[in-house]
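The entries below follow the order in which I looked things up.

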Amino acid sequence: MKIFEYMGKYDYEQLVLCHDEQSGLKAIICIHDTTLGPALGGTRMWTYDSEDAAIEDALRLARGMTYKNAAAGLNLGGGKTVVIGDPKKDKSEALFRALGRYIQGLNGRYITAEDVGTTVEDMDIIREETKYVTGVSPAFGSSGNPSPVTAYGVYKGMKAASKVAFGDDSLKGKVVAVQGVGHVAYNLCKHLHAEGAKLIVTDINQANVDRAVQEFGAEAVSPDKIYDVDCDIFSPCALGAIINDETIERLTCKVVAGAANNQLKEEKHGEMLEQKGIIYAPDYVINAGGVINVADELYGYNRDRAMKRVETIYDNMLKVFEIAKRDGIPSYKAADRMAEERIAAMRKTRSTFLVNGQSILSHR
């Protein structure tokens with residue numbers, strides 16, 4: 001991989017390689033864009049096949065956070081950290097404190113949070129070395145478990161997608177097929193059930209299914225059958241890449257709206273949904289409740305304020321569909337365009353500034 005060529009192509013700002021021999025830390029901090037504000041993105045710990053694979057993942061994830069934060073209306077840019085190691089075996093206080101020192105060294109350009117392979121407890125350790133961390137324990141002013149907040153945002157985004165697909169945003173009587181009933185989806189099902197939606201659920205964990213059946217009167221189907229059920233809304237809340245050549249042919253829904261990340265296996269699958277007349281709620285717009293929630297910690301966490309901000313996912317989703325209609329493009333492209341337009345507008349406001357009364361151009 002030609003790193004500088006790739007960074008130039010997608011306008012990355014910074015890539016930091018972090019190494020600490022004593023703790024065994026091998027990490028990559030990537031800052032993609034800080035036009036809107038300091039970069040916010042979680043720390044992922046994973047057993048990568050190679051160092052190149054870890055760097056590539058950091059680059060990809062950081063750019064994704066730029067779009068997610070911009071689309072959510074946050075005054076934050078995009079960044080990410082990946083730690084090379086087995087989260088089940090290689091964690092230590094020394095490792096996360098070493099990482100915290102590297103984050104502190106960036107002097108606020110990057111703010112971290114928990115992600116795949118890391119926990120609230122790991123963030124608490126990082127906090128010993130830097131204030132530039134969110135998602136810590138509630139005792140330190142954290143927002144706590146993000147699942148209910150993420151679920152609420154997905155619920156609001158689903159209502160917006162339903163408004164476009166069905167003419168109104170009521171979910172009463174709608175049949176919603178929920179793939180995966182973990183922490184986020186369980187809370188999503190609470191909202192859907194309260195509004196009178198009919199639920200069809202599946203999960204590889206039978207206990208999750210049984211709970212949804214018992215508490216929400218949901219109908220249960222096997223994991224391989226969820227794509228075939230007759231429903232109004234398909235809500236992927238488990239694995240990514242589940243919208244693909246095979247599954248699109250099986251879907252009978254009018255809306256795809258769920259909490260899972262990276263739902264489209266390839267960009268072409270967004271085109272295929274469009275061609276089939278299915279309204280797709282882009283995942284990084286609809287599931288932004290979690291990042292909106294932790295971002296509020298930067299101001300001294302206030303749950304009411306955070307929840308009001310999460311409610312804007314409804315309007316953000318409608319804006320995506322308006323851009324799609326305006327420009328004649330699929331919604332997944334419209335989401336990118338919405339984020340890019342916001343970043344471009346901010347760059348314009350910063351392109352001219354005063355120095356000693358003289359107006360000069362800033363070429364970032």
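**Helix packing**

The model is predicted: local features need pLDDT of at least 70 and side-chain atom pairs pLDDT 80 or more, while totals for chains, interfaces and linings use all residues. Residues are numbered from 1 along each chain as its sequence is written, and side-chain values use heavy atoms, without hydrogens and water.

I noted that helix H5 (residues 147–166) and helix H6 (residues 183–195) pack at about 50°, with their axes 8 Å apart. Helices here are DSSP runs of H or I with at least four residues, and strands are E runs of at least two. I then listed the contact (heavy atoms within 4.5 Å): H5 contributes residues including Tyr152 and Met158, and H6 contributes residues including Leu188 and His191. By class, this contact has nine nonpolar, five polar and two charged residues.

**Strands**

I followed strand S4 (residues 43–46), which runs parallel to strand S5 (residues 77–84) and is joined to S5 by four bridges; pairing requires at least two bridges found by DSSP. Trp46 stands opposite Ile84 in S5. From S4 the chain passes through helix H2 (residues 51–71) to S5.

I also traced an open sheet of six parallel-paired strands, ordered S9-S8-S7-S10-S11-S12. Strand S9 (219–220) and strand S12 (279–280) are at the edges, each with a single partner strand, so one side of each has no neighbour in the sheet.

Definitions and conventions. Axes are lines fitted to C-alpha atoms, for helices over the stretch in contact, and angles run from 0 to 180 degrees between N-to-C directions. Ala, Val, Leu, Ile, Met, Phe, Trp, Tyr, Cys and Pro count as nonpolar, Asp, Glu, Lys and Arg as charged, and the others, Gly among them, as polar. A crossover is right-handed if, with the strands pointing away from the viewer, the path from the first strand over the helix to the second runs clockwise.
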